[in-house]
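Subject: Structure for you to look at

Hello,

Here is the structure I said I would pass on. Please open it first, then read the notes below it.

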Amino acid sequence: MKGYFLDPETSIVKEHFAVIYAPRRNRDRFPENCVDIVASEAEALRLADIDNKHYPAIVIGPARSSEGLRLFYLVDWLDDQEQE
């Protein structure tokens, strides 16, 4: 992920396992309403629904955008499908 780093002295923004609704997988940030945080990598893989565009991932966030939205930044996709 480019340009966004964790501050080791705070716990406001964290790395999470998640399931992301993404019509196209070419983005690197997603609004909060498209991200479901889960407890583990196994749970993200289990809850993914590729046919309905819900993909397992690792994200960092939440962070506030300049428009006031809460965003999550993609670290990596957890599945082995090629990006669309």
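Among contacts in the protein chain (heavy atoms within 4.5 Å) between residues at least 6 apart in sequence, 59% join residues at least 24 apart. Bear in mind that this is a predicted model, where local features need pLDDT of at least 70 and side-chain atom pairs count only at pLDDT 80 or more, while totals for chains, interfaces and linings use all residues. Residues are numbered from 1 along each chain as its sequence is written, and side-chain values use heavy atoms, with hydrogens and water left out.

The protein chain has one helix and five strands, in the sequence pattern β-β-β-α-β-β. Helices (H or I, at least four residues) and strands (E, at least two) are DSSP runs, numbered from the N terminus.

The five strands form an open sheet in the order 2-5-4-1-3, with antiparallel pairing. Strand 2 (29-31) and strand 3 (35-38) are at the edges with a single partner strand each, so one side of each has no neighbour in the sheet. From one strand to the next, the twist averages 45°. Angles here run from 0 to 180 degrees between N-to-C directions, and the axes are lines fitted to C-alpha atoms, for helices over the stretch in contact. Two strands count as paired if DSSP finds at least two bridges between them. In general, strands of a sheet pair through backbone hydrogen bonds, either parallel or antiparallel.

Strand 1 (residues 14-21) pairs with strand 4 in the antiparallel sense over eight bridges, and Lys-14 has Gly-61 in strand 4 as its bridge partner. Strand 4 is also joined to strand 5 (residues 70-77) by six bridges, again antiparallel. Ile-58 has Asp-76 in strand 5 as its bridge partner, and Ala-57 stands opposite Trp-77. Strands 4 and 5 form a hairpin with five residues between them, and Gly-68 in the turn has a positive phi of about 90°.

How much of the chain is buried? Of its 84 residues, 32% count as buried. Buried means under 20% relative accessible area, exposed over 50%, and partly exposed in between (1.4 Å probe, protein chains only). In strand 4 (residues 54-64), nine of the 11 residues are buried.

The largest nonpolar core has 11 residues, including Ala-18, Ile-20, Val-59, Phe-72 and Leu-74. Strand 1, strand 4 and strand 5 are the elements that give two or more residues to this core. Another core, of five residues, lies apart from it, with Val-38, Ala-44, Ile-58 and Leu-78 among them. A nonpolar core is a set of buried Ala, Val, Leu, Ile, Met, Phe, Trp, Tyr and Cys residues joined through side-chain atoms within 4.5 Å.

Which residues form the aromatic cluster? Phe-30, Tyr-55 and Trp-77 form one. Rings of Phe, Tyr and Trp (its six-membered ring) pair if their centres lie within 6.5 Å; planes under 30 degrees apart count as stacked, over 60 as edge-to-face and the rest as tilted. The count by this rule is two pairs. The ring centres of Phe-30 and Trp-77 are 6.0 Å apart and their planes are at 70°, so this pair is edge-to-face. Phe-30 in strand 2 and Trp-77 in strand 5 are 47 residues apart. Phe-30 is buried at 2% relative accessible area, and Trp-77 is buried at 8%. Tyr-55 and Trp-77 also form an edge-to-face pair, with 5.8 Å centre to centre and 70° between the planes.

Regards
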